[in-house]
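Take a look at the model below. Then follow its rings and backbone step by step.

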Amino acid sequence: MSEQAAPGGPKVKKFMFVNRKAPYGTIYALESLEVVLITATFDQDVSLVFIDDGVYELVKGQQTKGIGIKNFSPSYRALDGYDVEKLYVDQASMAQRGLTEADLLVPVEVLDDQQMGELMAQQDVILSF
């Protein structure tokens, strides 16, 4: 385990949240965002990964009025205020969906399969949504 002692506090664990689902149609994306924010308030090392249709969660200009659901995508801009700055996107997932970094709401680090695997191997806890 790669636990570190926080100054004057408990051990810090590396939590990675992997988002694989489209932002609407299920509760996974919104639930993941809520769990990320809760985990971050406990001063843990939080990473957020977007793979498969999860990359759509970060796309700019989402229009949800027609489906009667509130657009929660602007909430991703607030992650920085919770010290959640490690956002990663799977390169192949973006390419398969015709997306580029310019299409996304927030700055991300784009990783290939090998880099993603190496990053996942460094985590203490991985939760997939």
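Which residues form one aromatic cluster? They are Phe15, Phe17 and Phe129. This is a predicted model, where local features need pLDDT of at least 70, side-chain atom pairs count only at pLDDT 80 or more, and totals for chains, interfaces and linings use all residues. Residues are numbered from 1 along each chain as its sequence is written, and side-chain values use heavy atoms, with hydrogens and water left out.

The structure holds three aromatic pairs. Rings of Phe, Tyr and Trp (its six-membered ring) pair if their centres lie within 6.5 Å; planes under 30 degrees apart count as stacked, over 60 as edge-to-face and the rest as tilted. Phe17 and Phe129 make a tilted pair, with centres 6.4 Å apart and 35° between the planes. Phe17 sits in strand β3 (residues 14–19) and Phe129 in the segment after β7 (125–128), so this pair ties together parts 112 residues apart in sequence. Strands (E, at least two residues) and helices (H or I, at least four) are DSSP runs, numbered from the N terminus. Both Phe17 and Phe129 are buried. Buried means under 20% relative accessible area, exposed over 50%, and partly exposed in between (1.4 Å probe, protein chains only).

Now take Phe50 and Tyr76. Their pair is edge-to-face, at 5.8 Å centre to centre and 80° between the planes. Phe50 lies in strand β4 (residues 45–50) and Tyr76 in the loop between β4 and β5 (86–90), so parts 26 residues apart in sequence are tied together. Phe50 and Tyr76 are both buried.

Turn to the backbone. Asp43 is not a glycine, yet has a positive phi of about 55°. Asp43 is in the loop between α1 (28–41) and β4. Its relative accessibility is 59%, so Asp43 counts as exposed.
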